[in-house]
Amino acid sequence: MPQSTPALAEPSPKWTARLIAASTGGDSAPRFRREFTVDHTHGAIVRARWFVSAHGIFEAQLDGRPIGPDVLSPGWTSYEWRQRYREYDVTHRLHPSVDPVVASILVGNGWWAGRLTWQEGRRHLYGDRTAVIAQLEITFADGYVQTVVTDASWDVGPSEVLTDDLYDGQTIDARRAARDWLRPGFSSESEPRGWGPAEVLDFDASVLVPYLGPPVVRHEELPPRRIWTSPSGRTLVDFGQNVVGWVKLRVQGPAGQEVIMRHAEVLEHEELGTRPLRSALATDRFVLSGGADHFEPTFTFHGFRYVEVEGWPGELDRDDLRAVVVSSDLRRTGHFESSHAGLNQLHRNVVWGLRGNMVDVPTDCPQRDERLGWTGDLAVFAPTATFLYDMRGFLGDWLADLRAEQVHAGGRVAFVIPDALKIVEPGNDATAAVWSDAAVWVPWALWQAHGDVDALTEAYPAMLDHVDHVTTLLSPTGLWDTGFQFGDWLDPAAPPDHADQARADKGVVATAALYRSATLTATAARVLGREQDAARLEALATRTKRAFNEHWVGDDGTVFSDCPTVYALAIAFDLLDEPRRQLAGDRLAQLTREEGFHIATGFAGTPFVCDALTSTGHLVEAYRLLLQTECPSWLYPVTMGATTIWERWDSMLPDGSINPGEMTSFNHYALGAVADWLHRTVAGLAPAEPGYARVRFAPRPGLGVEWARAWLDTPHGRASIRWSVADGELHVLVDTPVEADLDLPGVRPERVAAGRHSRVVPVGSVLTGIAPS
């Protein structure tokens, strides 16, 4: 049976708390404080829940100790219409021996008031004042509920956090890490040094919503791999993996001495390669107290593998530093391994790239002055993401923001969600294929992974409104060949600073994307019993397919602009009937050979090119494309030591210099969408029905890979497959929790029951590795 989204365990609070802020700007992140006594006259505490949200990001404490493992809460949403709050169970923290209790909340700029987008200096997109709202509800055995709420009775004062910004970093002065505010009896009247009463702000609490997805947490810590001195005399640290988070440190030195840490993903000419950060400083500063100091800059995050350390007192030791890896708390579900070391590293890079870009919002990159929820990246990567991790809550929350933005934009799906660009670039109301199609493609990936009818129902209005909006943009021919388009973004043939100048015609890409979205939305309508919608959408799809073929496809299967991406989309989206489809597949294979099995696709074509080759009988070409190691290829970055997926095929050039383009990230998951093909075709594990109600095992071995395996925790239990080739035979072992289709090369497909099954079949000519000329 399809899985349903679990209902919220607890009702939302009836907010009586007020939003409070510091009355003056101050010279640090504000710390809010309230002292209270628990009314134990009503018996034992049955439950105590603390609800907290902020304009900015917060760290909440009771008696100086954090109340939860989360960081960067409440994250980033479309604040105008949805602002999340965190709920904490603090029952175990309130007891008679702890009385009175000091509640405190430290608030940083975060996404609310810090820098956003690449427009240097653009801060305060949502507001210029950080603030907090919190409500503690203590329920006693006799039913009495004591509440402690933020209001004018709270004090606010200075902290040791002098500056904080997600892009630029954080400054912490340990000399100001006073703890006197924890003392009972402390007040702004008795200790006036920068303290004063909080100011109540007007605020509509109806925008407060609970988390649908997981919070951001610390996942692991990595020790330095190497510490050395660069040719210019700089102290450099390599943590061995491109990660997202920060460095925590322990240090002792003279009071007032400043330790500076600059972060970057790569080295260039044996020095820290900071140019790809653009204007983001990615620099943390720590002012020593003179004693033993421990620093952790939790109001920022960086994308980095390397750190340059300046001002360290004495000799820097490996035990003094740890890279703290942060990400949304996602549950791993899917895995892949093979006999090919390069493929395994590629897959690890995909996983690390996903983790680093799932910091509350599915970002394009985590390091430079951008870090936005670009829709196009997620649209093409969603099938990979939903195999590797349980993305239901995380993407459900993001899709709620997409819908909120869409409703207030007249049906248009923005290029980034939350839509910061509408603030910095007002009046830009363009809709772009693939990017705006995230409204359809992301829910569809979730539907395939989980079969959740409730989630599909929730997403359906956005899917329908997107397709309907696009129909208003078509030319009289019925083609989507008007207006702005990203097209096949970052085609490797495009100039470094003109990523949209691809070989694929933008109208062909857009019309193909419309056909896919119309078809998928029509199918969703059928699933949900929206028969009138389904009929209308199917008619649109038919018209679009007819126009596509009439204007852009020749009788010989040639698709206009005659490059790999247009063939990949036309075949993978089922826009071509026979014999044109096979002719187009043959042409795609020919182009692949002519390119020397180098990648010739960008964002639009890359996720689908191997599927298009495979489905038209060109598995050899698909494998040779996959296993190419020369630039541009999927494995070229692996040969260059990459530990995440790069934004460009050549983010780093063969001579070790950084690509000269302004957009050069070393942690961009979009081009890692090929992992979906690794899962479904190389390993051979895919859903035969939405939510894996029936599993499909269809491995397609190829030369260069002697064995592969994949396993997935489906909604019905674990499914797994392992195959190996030896002595001209393919050995396959599968475990399935439900009925499954077993489709092995060269033999008739069969339906098998839940359980374990093994088969041995002869391998075919595909393993010769000879591509036809």
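**View 1. Surroundings of W441 in the predicted model.** In this predicted model, W441 touches A379, V380, V434, A513, R516, S517, L520, F573 and F608, leaving aside residues up to four places away in sequence. The largest nonpolar core has 176 residues, and of these W441 and W634 touch the most other members. Helix α8 gives the most to this core, with 12 residues. A second, separate core has 30 residues, including V90, A103, I105 and V156. In soluble globular proteins, nonpolar side chains tend to be buried together.

**View 2. Helices α6 and α7.** Helix α6 covers residues 438-450 and helix α7 covers residues 453-471. The two axes come within 8 Å and cross at roughly 160°. An angle over 145 degrees counts as roughly antiparallel, and α6 and α7 are therefore roughly antiparallel to each other. The crossing in which α6 passes α7 is left-handed. On the α6 side the contact is made by A439, V440, P443 and W447. These meet V453, L456, A459, A462, M463, H466 and V467 in α7.

**View 3. Helices α7 and α8.** The axes of α7 and α8 lie 10 Å apart, and the helices pack at an angle of about 140°. That makes α7 oblique to α8. Their crossing is left-handed. From α7, the residues in contact are L456, Y460, M463, L464, H466, V467 and V470. Their counterparts in α8 are L514, S517, A518, L520, T521, A524, A525 and V527.

**View 4. Helix α10 and what covers it.** Helix α10 spans residues 564-572, and eight of its nine residues are buried, so the helix is largely enclosed by the rest of the structure. The buried residues are P564, T565, V566, Y567, A568, L569, A570 and I571. Among the elements that cover them are the helices α8 (506-527), α9 (531-552), α11 (580-594) and α12 (606-615). After α10 comes D574, which has a positive phi near 65°.

**View 5. A683 in helix α15.** A683 lies in helix α15, which is made of residues 675-683. Is A683 buried or exposed? A683 is buried, because its relative accessible area is 0% and buried means under 20%. Leaving aside residues up to four places away in sequence, A683 touches F336, L678, P699, A708, R709, A710, I721 and W723. R700 is 17 residues from A683 along the chain, and the C-alpha atoms of the two are separated by 7.4 Å.

**View 6. The six-stranded sheet.** Six strands form an open sheet in the order β5-β4-β8-β2-β11-β14, with antiparallel pairing. Which strands are at the edges? The edge strands are β5 (65-66) and β14 (196-197), and each pairs on one side only. β5 pairs with β4, residues 57-62, in the antiparallel sense over two bridges. Opposite P66 in β5 stands Q61.

**View 7. The hairpin of β18 and β19.** Strand β18 (residues 226-229) and strand β19 (residues 235-252) run antiparallel and are joined by four bridges. R226 has D238 in β19 as its bridge partner. Five residues lie between the strands of this hairpin, and G233 takes a positive phi near 95°.

Key:
Residues are numbered from 1 along each chain as its sequence is written. This is a predicted model: local features need pLDDT of at least 70, side-chain atom pairs count only at pLDDT 80 or more; totals for chains, interfaces and linings use all residues. Side-chain values use heavy atoms; hydrogens and water are left out. Buried means under 20% relative accessible area, exposed over 50%, partly exposed in between (1.4 Å probe, protein chains only). Contact means heavy atoms within 4.5 Å. A nonpolar core is a set of buried Ala, Val, Leu, Ile, Met, Phe, Trp, Tyr and Cys residues joined through side-chain atoms within 4.5 Å. Two strands pair if DSSP finds at least two bridges between them. Axes are lines fitted to C-alpha atoms, for helices over the stretch in contact, and angles run from 0 to 180 degrees between N-to-C directions. Angles under 35 degrees count as roughly parallel, over 145 as roughly antiparallel, 65 to 115 as roughly perpendicular and the rest as oblique. A crossing is left-handed if the near helix is turned anticlockwise from the far one by less than a right angle, and right-handed if clockwise.
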